[in-house]
Amino acid sequence: MVLPDAEAAELIRVEGLHFSRGGRPVLTDVSLSIIEGDFLAILGPNGSGKTTLLKIILGLLKPDQGWVRLFGRPPEDFVERELVGYIPQKATHFDPLFPASVREVVAMALRSGRRRISRPDEDTAVRIALETVDMIEFWNRRIGRLSGGQQQRVFIARAIARNPRILFLDEPTTGVDAENQDRFYDLLGRLNTSGRLTIVLVTHDTGIVNKHVNKVACLNQRLFFHGTHDQFCSSGALKEMIAGGHHLVLHRH
Amino acid sequence: MDAFFEYAFLQRAVGAGVCIAVACAVLGVFLLLRKDAMIGHGLSHIAFAGIALGLLIRQWPMAVSLAVAVVAALGIMKLKESAGFHGDTAIAVCSSLGMAVGVILASISGRFDASLLSYLFGDILAIEPAEVVLSALMALAVLVITAVFYHRFMFMTFDREAAQAAGVPVRRLDALMSVATAITVVLGMKIVGILLVAAFLVIPAAAGLQTAVRFKSAVGIAAVVASASVVVGLAAAYLLDWPASGTIVVVSFLIFGILFLFRRRA
Ligand SMILES: Nc1ncnc2c1ncn2[C@@H]1O[C@H](COP(=O)(O)OP(=O)(O)O)[C@@H](O)[C@H]1O
Ligand SMILES: [Mg+2]
């Protein structure tokens with residue numbers, strides 16, 4: 001366990017989470033704390049419950065036992081939804097013929113908030129968000145015509161346009177080629193350090209444990225490790241999970 | 001063409017028809033993208049049972065039909081959510097049941113006559129002034145709902161989970177869309193009839209979806225195609241002495257066909 005730093009705010013807290021599906025446990029006694037400024041990678045093989053954990057944190061699924069606090073509130077009472085951004089695992093699996101421009105995809109989130117937003121403010125927010133992810137030149141392109149990596153960057157723009165404090169990404173680099181993956185992680189690193197955005201990234205790819213990540217959690221139904229990047233590299237957590245017969249994709253950076 | 005607009009009933013028909021057609025078209029864009037193309041077909045058959053019930057209990061058939069359709073729309077939504085039916089199964093089951101119950105009720109009430117036929121095939125030219133006002137108001141209500149929730153509907157249609165995490169109340173909006181669909185189906189029934197109202201929800205929307213790059217243009221094109229179908233269809237029906245309902249739907253199909261030639265590539 002990482003002891004919460006007295007200075008930084010705890011944005012997310014999860015205690016004693018249990019969740020099962022069809023009589024099979026998916027998560028067992030998972031506790032986790034996410035501190036402002038973290039770039040947390042949640043690692044685990046396919047089927048280890050990563051997506052389920054994110055959905056429980058965000059209130060899309062209800063746990064059988066245990067509790068979640070988002071900014072100090074349980075998910076069902078947490079109305080300040082602009083504070084969190086979420087890019088689901090299947091974000092790029094939308095209908096490829098969906099008629100929406102990149103601009104419309106970013107604006108749909110801005111305009112779904114609690115407060116009304118004027119057209120000039122919307123224009124500014126969309127432009128800044130698209131410039132941040134380096135996709136402004138594609139603003140009028142139909143979203144289905146972009147590559148997987150470009151779509152993911154547009155979804156990041158959609159999330160950050162609302163000025164969130166924390167961003168959850170579920171396997172965002174599946175279908176993104178190696179070169180663009182680095183570029184993608186650099187973007188997340190920039191958002192984390194200069195944008196002061198807390199990032200939680202879920203993946204089965206341990207290649208992510210790179211220079212940008214500062215906390216690591218290993219999940220396989222239970223939480224095997226939760227600590228800083230340095231502690232992770234010197235611990236046997238990775239070997240332990242692999243020894244358990246679970247296939248993690250390993251490549252060194 | 002001056003003579004055309006002299007006929008009050010034609011003016012009424014055009015006014016009500018355009019309002020209802022636009023409501024159908026706008027809603028249709030969302031329904032097609034939600035892979036819910038058959039909901040209009042299903043609800044129209046259930047609305048038929050409502051009409052037959054109205055005729056039997058001698059209440060205003062449109063109102064009874066509206067109540068039945070709204071309940072059925074919410075029921076279908078629940079069935080799809082909970083029972084784990086595959087795709088369109090819930091709709092197919094409910095629509096067959098609707099037709100069956102409708103036939104029985106109509107037979108009991110002894111009303112297998114012209115008034116029932118007018119609901120099956122539509123009777124826009126017989127539309128009453130009060131019905132015009134009511135239909136236009138309800139169509140307007142549906143349009144206001146879609147305008148107010150436009151971005152939320154788009155967001156949840158595009159990525160339901162991201163929308164939900166962003167605070168969009170997806171379940172309540174599902175219910176709202178179901179109710180709006182039920183209303184437009186019952187209204188549309190008045191113009192093109194039970195057997196053709198599904199076409200109104202699908203053809204203009206499909207025309208918009210195949211042509212547009214942006215969501216806003218898809219909605220706009222669908223609305224224009226729908227209005228044009230009503231105006232041109234009624235004019236053609238009047239000039240050729242063809243049935244209005246069939247002519248309107250054929251015209252909308254022709255416009256769809258023309259736009260198909262200009263469809264978006266890639
Ligand atoms: N809707 C569901 N119905 C039944 N089982 C599910 C469902 N969703 C997830 N599971 C099960 O829960 C486990 C964890 O799934 P998931 O959270 O998606 O894992 P991960 O994201 O780590 O790949 C898997 O074994 C999966 O089979
Ligand atoms: Mg997953």
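Modeller: A salt bridge is a side-chain nitrogen of Lys or Arg within 4 Å of a carboxyl oxygen of Asp or Glu. By that rule the structure holds 19 salt bridges over all chains. Keep in mind that this is a predicted model.

Colleague: What makes Lys55(A) and Glu161(B) a salt bridge?

Modeller: Their closest N and O atoms are 2.9 Å apart. The rule asks for a Lys or Arg nitrogen within 4 Å of an Asp or Glu oxygen, so the pair qualifies.

Colleague: Why is the pair said to join two chains?

Modeller: Lys55(A) is in helix α1 of chain A, while Glu161(B) is in helix α9 (residues 160-165) of chain B, so the bridge runs from one chain to the other.

Colleague: Are these two residues buried or exposed, and how do you know?

Modeller: Lys55(A) has 18% relative accessibility. Buried means under 20%, so Lys55(A) is called buried. Glu161(B) has a relative accessible area of 28%. That falls between the 20% and 50% limits, so Glu161(B) is called partly exposed.

Colleague: How many salt bridges are counted between chain A and chain B?

Modeller: The count is 3. One further pair across the two chains is Asp95(A) with Lys35(B), whose closest N and O atoms are 3.3 Å apart. That value is within 4 Å, so this pair also meets the rule.

Colleague: What else describes the meeting of the two chains?

Modeller: In chain A, 31 residues are in contact with 26 residues of chain B. The two chains bury about 2,400 Å² between them, with 62% of it on carbon and sulfur atoms. Of the area that chain A buries against chain B, 25% is supplied by Phe98(A), Pro99(A) and Met108(A), more than any other three residues. There are also 9 residue pairs in polar contact between the chains.

Colleague: Which elements of chain A supply at least two residues each to the side that touches chain B?

Modeller: They are α1 (50-58), β5 (84-87), α2 (102-110) and α4 (148-160). The largest share, 5 residues, comes from α2(A). By class, this side of chain A has 17 nonpolar, 4 polar and 10 charged residues.

Colleague: What makes Asp123(A) and Arg119(A) a salt bridge?

Modeller: The closest N and O atoms are 3.4 Å apart, and the limit is 4 Å, so the name applies. Both residues lie in helix α3 (residues 119-132) of chain A, 4 residues apart, about one turn of the helix. Asp123(A) and Arg119(A) also belong to a network of salt bridges with Arg103(A), Arg111(A) and Glu122(A).

Colleague: How do you know that Asp134(A) and Arg183(A) form a salt bridge?

Modeller: Their closest N and O atoms are 3.2 Å apart. That is within 4 Å, so the pair counts. This pair links distant parts of the chain: Asp134(A) sits in the loop between α3 and α4, and Arg183(A) in helix α5 (residues 178-193), 49 residues apart.

Colleague: Which atoms coordinate the magnesium ion (ligand 2), and what makes them donors?

Modeller: They are OG1 of Thr51(A) and OE1 of Gln89(A), at 2.0 to 2.3 Å. The limit for this metal is 2.8 Å, so both atoms count as donors. Thr51(A) is in helix α1 of chain A and Gln89(A) in the loop between β5 and α2, 38 residues apart.

Colleague: What is said about the phi of Glu171(A)?

Modeller: Phi of Glu171(A) is near 45 degrees, a positive value in a residue other than glycine. Most residues other than glycine have a negative phi. Glu171(A) is in the loop between β6 (166-170) and α5 of chain A. Its relative accessible area is 5%, under 20%, so Glu171(A) is called buried.

Definitions and conventions
Residues are numbered from 1 along each chain as its sequence is written. Chains are lettered from A and ligands numbered from 1 in the order in which they are written. This is a predicted model: local features need pLDDT of at least 70, side-chain atom pairs count only at pLDDT 80 or more; totals for chains, interfaces and linings use all residues. Side-chain values use heavy atoms; hydrogens and water are left out. Contact means heavy atoms within 4.5 Å. Buried area is the accessible area (1.4 Å probe) that two parts lose on being put together, summed over both. A polar contact is a pair of N or O atoms within 3.5 Å; within protein, one must be able to donate a hydrogen and the other to accept it, and residues adjacent in sequence count only if both atoms are side-chain atoms. Ala, Val, Leu, Ile, Met, Phe, Trp, Tyr, Cys and Pro count as nonpolar, Asp, Glu, Lys and Arg as charged, and the others, Gly among them, as polar. Donors are N, O and S atoms within 2.8 Å of the metal (3.2 Å for Na, K and Ca); water is not among the atoms, so sites may look incomplete. Buried means under 20% relative accessible area, exposed over 50%, partly exposed in between (1.4 Å probe, protein chains only).
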